[in-house]
Amino acid sequence: MTSKAIPLPHLVGFEERNGSWYAEDVPMADLANEFGTPLYVYSRKALTEAYQAYDRACVDASGKRRARVHYAMKANSNLAVIDCFKKLGAGFDLVSGGELARALAVNAESQSLVFAGVGKSAAEIAQALEAGVKCINVESIAELHQINRIATKLNCRAPISLRVNPDVDAQTHPYISTGLKGNKFGIAYHEVLKTYREAAQLPQIDVVGIDCHIGSQITTTAPYLDALNKVLDLVENLRKEGIVIHHLDLGGGLGISYGDEIPPDITEFTNILLDRVAERGFGHLDVVLEPGRSLVGNAGVLLTKVEYLKPGIEKNFCIVDAAMTELMRPALYEAHHGIVPVKTKPGKALTYDVVGPVCESGDWLGRDRQLAVEEGDLLAILSAGAYGFVMASNYNTRPKPAEIMVDGKNVYVIRKRENTKDLFASENTLPE
Ligand code: LLP
């Protein structure tokens, strides 16, 4: 199927009214006029509703909490975004000292933080232990020993989970699949028990949980159930050996609709997994979920201006002022994002490749799109709230765009646009 036929995703917080796109109650064209383009725009309502759907799904009919959401802030770590989630009750999943610093900057409770990542540095481990995080998710035997050494030096105990690589196929893009034995992530399934035994012997280590994450943009429940069953087999064996764990971290990865995907309903998805945990006799364990994309992906758009239209023999190009530097996903994963004119116009739609100004043929944002546009028009690139701004770069010495949060009629600048001088302010020329 060509991308022409892909429908727009269902969105909360962004809609077309009488031919003009709005972010909540604010016309997007007004935002572009006031703050310039390229511009990331988020909807607080969309963030809130996405979080609340998860949170409702984590509580059973009798009001008992069955699971807890730790937002994977790698998807979008702007302070305003993480602060919104913190105020709604979220914990966080972190993968770097930088993300830990962000969580602390919004006064997140240290016990609401899980620290993950395949290559944590000694400094990052020390930072996590000093902050008193709930758990460090360990990805190798070497890292386990490193954590024990650092905890000895700091004279503290290190709460840990082992991240299991369950060797299941999440059937997603190979770059965002993490739970196959050929991936760099987690501890190989057959080595997990042995590693837990070793962890239980280490003097400064407290075994507190088990963890698993199989990939991202997963749109079916089956691979999660496969992974969960394998993880629960391990938990059963741990119980037999007297190694007690308190929580089960099922990772993130639930996909969103960028157009024609139909991801599972959050409540149904959560019920299937949590029922299985209970059926297998582990209903007493705390369950941690680490969603990223499904909380923020459809809560953000990227506004861009059409610079030039360039008709061609094979292709027509619509050259816009956003690029792979603002939204890397199409270049990196051939990802599809819906693209709409901010004001619909009469006129004949032509088929365009929407491309940026960066000097790479891979710098495209959409292929074969039917658009009725003229130079100077604004386009909104949809579903850009996750892995958008956070993956932006300064390639070609391009300042990163501003980020705006809309809340009803209110508009907040949550990150100001970078200015060019700042980009090389920390560089030096050589002395004569
Ligand atoms: N937990 C762990 C251990 C992870 O590695 C990830 C994502 C998550 C949770 C959150 O996954 P999510 O719910 O967002 O799928 N840049 C790629 C996605 C990379 C995902 C990396 N890990 C993209 O733009 O599609």
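Predicted model: local features only at pLDDT ≥ 70, side-chain atom pairs only at ≥ 80, totals over all residues.
**Aromatic pairs**

I searched the whole structure for aromatic pairs and got six. Tyrosine 40 has 0% relative accessibility, so it goes down as buried. Tyrosine 42 comes out at 1% relative accessible area and is buried too.

I noted that the pair links distant parts of the chain, with tyrosine 71 in strand E5 (residues 67-72) and phenylalanine 92 in strand E6 (residues 91-94), 21 residues apart. Both tyrosine 71 and phenylalanine 92 are buried. They also belong to an aromatic cluster, which I wrote down as Tyr51, Tyr71, Phe85 and Phe92.

**Charges over rings**

Lysine 230 has its charged end over the ring of tyrosine 189, 5.1 Å from the ring centre. Arginine 367 does likewise with tryptophan 364, at 3.9 Å from the centre of that ring.

**Strand E19**

Which residues cover the two faces of strand E19 (residues 378-381)? I found Leu378 and Ala380 on one side, Leu379 and Ile381 on the other, and all of them are buried. Side chains in a regular strand alternate between the two faces of the sheet.

I then went through the partners of E19. Strand E14 (residues 300-310) runs antiparallel to E19 and is joined to it by four bridges. Within that pairing, leucine 379 of E19 has threonine 304 opposite. Strand E16 (residues 339-341) is also antiparallel to E19, with three bridges between them. There, isoleucine 339 has isoleucine 381 of E19 as its bridge partner.

**Ligand site**

Last, I turned to the ligand. I counted 18 residues around it, and those that come nearest are Ser216, Glu290, Arg329, Tyr333 and Tyr387. Arginine 329 puts a polar side-chain atom 2.6 Å from a ligand oxygen atom. Glycine 253 uses a backbone N or O atom instead, 2.8 Å from an oxygen atom of the ligand. How much of the ligand does the protein cover? On its own the ligand has 590 Å² of accessible area, and the protein covers 91% of that.

Terms used
Residues numbered from 1 in each chain as written. Heavy atoms only, no water. Phe/Tyr/Trp six-rings, centres within 6.5 Å; stacked < 30°, edge-to-face > 60°. Buried < 20%, exposed > 50% of the residue type's maximum accessible area, 1.4 Å probe, protein only. Lys NZ or Arg CZ within 6 Å of the ring centre and 35° of its normal. Pairing = 2+ DSSP bridges. Near = heavy atom within 4 Å. Polar contact = N/O pair within 3.5 Å; in protein donor to acceptor, adjacent residues only side chain to side chain. Areas by Shrake-Rupley, 256 points an atom, 1.4 Å probe, with all protein chains shown as cover.
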